[in-house]
Amino acid sequence: MTTPRIERRIRWSGILIGLGLTIQMLMLLWIHPLSFMIFLLVGCPMVGIGMLVYLYSLASHAAGESK
Amino acid sequence: MNTTVTILSLFTAVVIILAVLTAFRAQLTRVPGGKVLAFVTLCILPALAVWTGLHEQLERSTSTRFCLSCHVMADFGRSLYVDDKSYLPASHFQNNRVPRDHACFTCHTDYTMFGDYRAKWRGMHHVWVQYFGTIPKPENIRLYTPYNNRECLHCHLGARSFEETSSHHKDPGMLAKVRANQLSCMSSNCHDIVHEVGTLSQVTFWKQEEEK
């Protein structure tokens with residue numbers, strides 16, 4: 001049985017959010033300007049993209065159902 | 001690790017676990033309750049974790065430890081321990097006129113609505129220079145703009161020691177010029193000895209530095 005597309009997207013979303021938040025958590029342990037940069041330029045975008053993928057999966061699924 | 005960081009790390013860890021569990025149990029979203037759960041674990045909680053993390057990062061970036069974590073800033077940190085009260089930053093730091101754990105940020109940010117954000121933007125440029133540019137010698141580091149009296153007056157304006165001291169009344173209208181930023185507090189023969197990192201090899205340091 002194949003995994004529905006929405007579930008695959010949710011999986012990717014969860015993985016991205018998990019990775020992004022892991023980076024953020026690690027950066028909390030290091031007080032340095034580079035830690036701030038990694039938090040802002042790597043961690044935040046990963047979580048943001050993960051959330052967008054999740055929201056997109058909802059929107060595309062809803063659009064597919066309404067057709 | 002302080003309490004805030006501990007709580008924040010624990011909260012982030014819980015959000016990570018929930019997000020990963022949702023990712024690998026995506027079939028839960030087939031039922032209405034699962035959809036709500038996924039929305040909370042993949043949207044609400046991560047947004048909250050990022051927001052609290054960002055707040056903590058911004059807060060810690062105002063700390064003296066953060067500023068001095070770059071090697072090029074080390075001498076500026078040492079200058080806070082010079083055993084000479086004519087050294088303006090040292091006398092402020094050692095006499096608790098500025099909070100020691102936020103000493104740099106207290107005097108070196110613009111007290112405007114987005115002053116700290118502007119400081120962060122410049123800070124990012126400094127990180128770029130640190131790794132990809134030519135790092136200047138500490139004694140060659142200069143402010144972007146002349147030091148604004150506003151940063152001094154933020155605390156001193158209205159204080160009796162500031163308003164009534166005889167040296168501030170040497171010339172009529174002197175205080176008015178200082179208030180209007182037309183006459184710098186760091187003018188020659190006033191408070192003109194600041195970090196002076198180029199001369200640190202010739203000064204003595206406050207004992208507390210050795211105790212640290």
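Me: Before I start, a polar contact is a pair of N or O atoms within 3.5 Å, where within protein one must be able to donate a hydrogen and the other to accept it, and residues adjacent in sequence count only if both atoms are side-chain atoms. Which backbone oxygen lies close to a polar atom of the side chain of Thr62(B), and at how many Å?

Reply: That is the backbone oxygen of Glu59(B), at 2.6 Å. This is a predicted model, in which local features need pLDDT of at least 70 and side-chain atom pairs count only at pLDDT 80 or more, while totals for chains, interfaces and linings use all residues. Residues are numbered from 1 along each chain as its sequence is written, chains are lettered from A and ligands numbered from 1 in the order in which they are written, and side-chain values use heavy atoms, leaving out hydrogens and water.

Me: Which side chain does Thr62(B) join in a polar contact?

Reply: The side chain of His102(B), at 3.3 Å. Thr62(B) also touches Asp101(B) and Phe105(B) (heavy atoms within 4.5 Å), leaving aside residues up to four places away in sequence.

Me: And is Thr62(B) buried or exposed?

Reply: Thr62(B) counts as buried because its relative accessibility is 9%, where buried means under 20% relative accessible area, exposed over 50% and partly exposed in between, with a 1.4 Å probe and protein chains only. Thr62(B) sits in the loop between α2 and α3 of chain B, with helices (H or I, at least four residues) taken as DSSP runs numbered from the N terminus.

Me: Switching to the interface, how many residues of chain B are in contact with chain A?

Reply: 40 residues of chain B are in contact with 32 of chain A. The area buried between the two chains, meaning the accessible area (1.4 Å probe) that they lose on being put together, summed over both, is about 3,200 Å², and carbon and sulfur atoms give 77% of this area. On the chain B side, Leu42(B), Gln57(B) and Met124(B) lose the most area to chain A, together 18% of what that side buries.

Me: How many salt bridges does the rule find across that interface?

Reply: The rule, a side-chain nitrogen of Lys or Arg within 4 Å of a carboxyl oxygen of Asp or Glu, finds one. Arg30(B) and Glu7(A) form a salt bridge through their side chains, at 2.5 Å from N to O.

Me: Which helix of chain B gives the most to the side that touches chain A?

Reply: α2(B), with 15 residues.

Terms used: Helices (H or I, at least four residues) and strands (E, at least two) are DSSP runs, numbered from the N terminus.
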